[in-house]
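Here is a short report on helix contacts and aromatic rings. Keep the sequence and the 3D view at hand while reading.

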Amino acid sequence: MTTTLTPPSRVKDPLPPTRTGKLKKPHYGTHLFLLVMAVVWLVPLVWTLFTSLRPKADTDSFGYFSFGGHFNFDNYKNAWEQAGLAKYFVNSVIITVPTVLLTLILASMMAFAVSRFTWKFNITLLIMFTAGNLLPPQVLAAPLFAMFKFIPLPLSVSDSGNFLNTYYSVIIVNTAFQIGFCTFVLSNYMKALPTELTEAALVDGAGVFKQYTSIILPLCRPALAALGTLEVIFVYNDFFWPLLFIQSGDRLPITTGIKNLQGEFFSDYNLIAAGATFTIIPTLVIYLALQKQFVAGLTLGASKG
């Protein structure tokens with residue numbers, strides 16, 4: 001008579017071993033830190049939305065830190081009509097789109113030159129471009145204002161006869177300040193690409209510009225999408241340069257033009273909160289549209305090795 005032994009059922013380890021044989025430990029501290037930071041970032045946004053939905057009369061009666069009263073979308077309607085936000089949205093597009101395109105094109109060219117070729121000044125130029133981001137913009141406010149004031153332009157191009165009160169000044173300055181950061185990121189990204197790709201193209205007779213447009217740029221699409229998303233947010237949310245260079249109210253971007261909702265002696269903060277909420281919509285739409293490319297560009301290469 002033979003007896004059959006049934007193997008005991010395997011119990012799944014609650015903490016599976018890693019490649020090194022050690023057990024994974026739960027990162028409670030990391031999760032708690034991320035949770036706290038998420039709450040810190042979301043509280044102002046949620047409170048802005050909450051304030052924008054309340055009439056000012058209810059806020060005055062119950063206080064800002066209260067939940068009583070009615071909720072409606074009247075502040076959004078009034079903010080859109082009183083501030084003329086549609087015009088300011090168009091101005092933001094006129095400034096943001098050329099700035100982002102110029103920044104990415106020029107930064108990708110510079111990054112290609114300093115990362116794919118070895119020459120005498122490639123590291124020096126990369127350091128200069130990166131060091132430019134360390135300079136506070138306010139330090140250059142007075143020199144740039146004077147320079148744009150005394151550079152003549154035809155009246156057919158600028159009704160002021162110079163660069164002041166034009167979109168060109170804001171586009172040029174934003175491009176100059178953003179190109180260093182993009183060059184630094186793209187140069188590191190391009191250095192990680194195999195050199196055999198451009199060497200094979202060179203053997204096949206491809207010139208430098210052909211290597212740049214047909215090989216390097218398509219491979220940098222995730223990085224360009226991630227940088228494009230960040231640059232749209234940076235340039236779109238810029239408040240300082242348009243306020244400095246543009247004097248005509250009808251040419252201000254949305255972030256600067258929204259100050260028209262603030263009165264000289266009285267401010268309706270519920271109305272301002274509604275106008276501020278309008279400004280979030282374009283960047284949120286762009287981020288959601290490019291979310292996959294944005295995450296891929298930030299995480300690519302993080303798991304190498």
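## Helices α5 and α7

The crossing of α5 and α7 is left-handed. This is a predicted model. Helix α5 covers residues 122–131, and helix α7 covers residues 167–191. Their axes come within 7 Å and cross at roughly 135 degrees. The two helices are therefore oblique to each other.

Which residues make the contact? From α5 come Leu126, Phe129 and Thr130. From α7 come Ile179, Gly180, Thr183, Phe184, Ser187 and Lys191. By class, the contact has 4 nonpolar, 4 polar and 1 charged residues.

## Helices α9 and α10

Helix α9 spans residues 208–219, and helix α10 spans residues 221–236. Their axes come within 4 Å. The crossing angle is roughly 65 degrees.

On the α9 side, the contact holds Leu217, Pro218 and Leu219. They meet Arg221, Pro222 and Leu224 in α10. This contact has 5 nonpolar residues and 1 charged residue, with no polar ones.

## Aromatic pairs

How many aromatic pairs does the structure hold? There are 16. A pair of aromatic rings is described by the distance of the centres and the angle of the planes.

Take Phe148 and Phe163. Their ring centres are 5.5 Å apart, and their planes stand at 35 degrees, so the pair is tilted. Phe148 lies in helix α6, residues 141–150. Phe163 lies in the loop between α6 and α7. The pair therefore ties together parts that are 15 residues apart in sequence. Are these two residues buried or exposed? Phe148 has 4% relative accessibility, so Phe148 counts as buried. Phe163 has 14%, so Phe163 also counts as buried.

Now turn to Phe240 and Trp241. Their ring centres lie 4.9 Å apart. The planes are at 65 degrees, so this pair is edge-to-face. Trp241 counts as buried at 3% relative accessibility. Phe240, at 28%, counts as partly exposed. The reason is the cut-off: buried means under 20% relative accessible area.

## One aromatic cluster

Where do these rings belong? Phe148, Phe163, Phe240 and Trp241 are among the members of one aromatic cluster.

Notes
Residues are numbered from 1 along each chain as its sequence is written. This is a predicted model: local features need pLDDT of at least 70, side-chain atom pairs count only at pLDDT 80 or more; totals for chains, interfaces and linings use all residues. Side-chain values use heavy atoms; hydrogens and water are left out. Axes are lines fitted to C-alpha atoms, for helices over the stretch in contact, and angles run from 0 to 180 degrees between N-to-C directions. Angles under 35 degrees count as roughly parallel, over 145 as roughly antiparallel, 65 to 115 as roughly perpendicular and the rest as oblique. A crossing is left-handed if the near helix is turned anticlockwise from the far one by less than a right angle, and right-handed if clockwise. Contact means heavy atoms within 4.5 Å. Ala, Val, Leu, Ile, Met, Phe, Trp, Tyr, Cys and Pro count as nonpolar, Asp, Glu, Lys and Arg as charged, and the others, Gly among them, as polar. Rings of Phe, Tyr and Trp (its six-membered ring) pair if their centres lie within 6.5 Å; planes under 30 degrees apart count as stacked, over 60 as edge-to-face and the rest as tilted. Buried means under 20% relative accessible area, exposed over 50%, partly exposed in between (1.4 Å probe, protein chains only).
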